[in-house]
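Okay, thanks for coming, everyone. I'd like to walk you through a structure and how its pieces sit against each other. Have a look at this first.

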Amino acid sequence: MSGDLERRYRRVLRVLPGWYRELWEEDMVATFLDGWLTGDPEADEYISTAARPEWAEVASVAGLAARLYLGGAGAPRRYFAWGQAVRRAVLTVMLVHTTLALDVLVRTAWNRRLFGLPAPPASLMTASPGGAWPAVYYVVNVAWVVMFVALVLGHYRAARVLAALAIVPGLVALLQAQVTGIMPAPFGSWAFWVLFNLVPVLAMTAFHRDAPRAARWPWLLALPANYLLVVVPLLAIQATGNSAWVPDFSGLCCLLVALACLAHAPRAWSRQAASSGVWSLTLTLLAAVAGAYRIITLSGYLHDPHLIKVSLAELLILAAAAALVAPDAARAQAATPAPPPHPRTMAA
Amino acid sequence: MTGQAFFVLTALADGPRHGYGIVGEVAELSRGRVRLKIGSLYGVLDRLAAEGLIEPDREEAHDGRLRRYYRLTRDGRGALAEEAELRAATARVVRARLRLAGAEAAG
């Protein structure tokens with residue numbers, strides 16, 4: 001009687017992990033069908049043939065699947081390792097956004113000689129475009145900073161909303177450029193928005209109620225440290241008129257992730273640090289994102305063999321460094337026990 | 001404790017219920033404001049079970065399907081009572097402040 005409808009709903013439930021389906025699938029199906037079937041054979045036959053699970057129902061199962069695959073407290077080891085790795089990768093990408101936003105805000109202040117700053121060198125002077133975009137742009141940059149702090153402090157919902165809003169102007173600008181035909185490197189521009197905006201915002205579903213809080217101070221201090229160790233040296237190189245030595249954004253991502261892999265490799269190989277595997281998995285994820293972006297942006301350099309060689313060298317360095325931590329990343333999936341579920345959470 | 005978890009525990013306070021029974025009871029308790037989707041309901045149920053606040057009671061056959069009933073554990077009863085007290089205390093404060101603000105506006 002419930003055949004077709006039941007089959008459709010079971011198909012939706014296939015997005016859930018196997019271990020979860022074993023425990024809950026029959027009960028979920030029974031509850032779902034209770035909501036549809038009336039007990040009248042004729043009506044039920046029609047419902048079974050014509051009805052389909054509503055989108056809201058499918059979305060609720062998808063949300064449950066995201067929480068289970070990107071596990072938190074009480075999750076099986078494999079899903080907890082993936083959950084932690086995705087959360088750290090998202091935090092890292094958001095740290096990059098926030099550092100870039102801070103850079104824009106500092107450059108703006110410097111260009112406008114706010115706070116009594118002296119005039120910047122000519123190589124750092126930037127022209128401000130007209131219209132409403134500059135205002136939107138600066139609000140977005142402030143939003144990234146607030147979003148990162150909110151995420152680290154555990155205000156996940158506020159961080160998700162801010163991040164979702166912060167990526168919209170970028171999408172609007174891309175669509176505008178696409179329509180007007182003034183986009184210089186369409187693949188690279190779209191790849192940046194998808195890989196560094198859309199995917200991390202979607203991956204923020206990993207920050208659910210069961211997710212352990214991020215280590216607050218290390219992540220907050222990472223922002224000024226990243227600014228001082230990465231942005232300031234790049235600014236200094238630019239200020240001295242040596243911009244040609246500064247790698248492009250995708251090259252910089254490849255080199256920074258490669259450096260992080262090299263720095264982490266001794267821990268990954270020692271097998272003594274219990275938490276090293278999650279970092280190895282995080283770095284492998286970041287290497288995949290940086291590598292994919294480097295490959296896509298190669299299309300913008302087809303006219304210049306030198307830049308192609310430099311880009312391929314960056315890719316090779318990244319791949320070699322990622323290979324050092326990849327075995328530990330694979331082990332992490334079986335060796336990272338999740339903390340037990342909260343005995344009782346009274347937070348709102 | 002989330003609003004959904006609070007409503008689910010409340011729905012089980014007067015006796016065991018199966019999944020669809022909980023959905024209906026929560027809708028009624030919340031005067032239609034909380035309509036649990038199945039994915040959300042089982043997200044709450046598995047979390048409450050992992051926290052030891054609810055447990056399976058029995059299974060009954062209905063139209064060829066097995067309905068699993070859930071009941072509150074002793075810990076679940078305690079957690080619900082504590083949460084209800086907290087919410088009632090908050091509601092008392094809200095009412096008192098609203099009365100005070102109303103009196104000041106009138107005066």
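Quick housekeeping. This is a predicted model, where local features need pLDDT of at least 70, side-chain atom pairs count only at pLDDT 80 or more, and totals for chains, interfaces and linings use all residues. Residues are numbered from 1 along each chain as its sequence is written, and chains are lettered from A and ligands numbered from 1 in the order in which they are written.

So, chain A. Its secondary structure is 13 helices and zero strands; helices here are DSSP runs of H or I with at least four residues, strands are E runs of at least two, and both are numbered from the N terminus. The C-alpha trace spans about 80 × 55 × 45 Å along its principal axes. Of the 348 residues in chain A, 30% are buried, meaning 20 or more other C-beta atoms, placed from the backbone, lie within 10 Å of the residue's own.

Now zoom in on helix H1 of chain A, residues 3-13, and helix H3 of chain A, residues 41-50: their axes come within 6 Å and cross at roughly 35°. Axes are lines fitted to C-alpha atoms, for helices over the stretch in contact, with angles from 0 to 180 degrees between N-to-C directions. On one side you have A:Gly3, A:Asp4 and A:Leu5, and they meet A:Ile47, A:Ser48 and A:Thr49; contact means C-beta atoms, placed from the backbone, within 7 Å.

What about the two chains together? Chain B puts 19 residues into the contact, and chain A puts in 24. On the chain B side, H3(B) gives the largest share, with eight residues.

Last stop, inside chain B. Helix H1, residues 3-11, packs against H2(B) at about 110°, with the axes 9 Å apart. That makes H1(B) and H2(B) roughly perpendicular, therefore, a label that covers 65 to 115 degrees. Where do they meet? B:Phe7, B:Val8, B:Thr10 and B:Ala11 in H1(B) touch B:Ile22, B:Glu25, B:Val26 and B:Leu29 in H2(B).

Notes: Two residues are in contact if their C-beta atoms, placed from the backbone, lie within 7 Å. A residue is buried if 20 or more other C-beta atoms lie within 10 Å of its own, exposed if 12 or fewer, and partly exposed in between; C-beta atoms are placed from the backbone. Angles under 35 degrees count as roughly parallel, over 145 as roughly antiparallel, 65 to 115 as roughly perpendicular and the rest as oblique.
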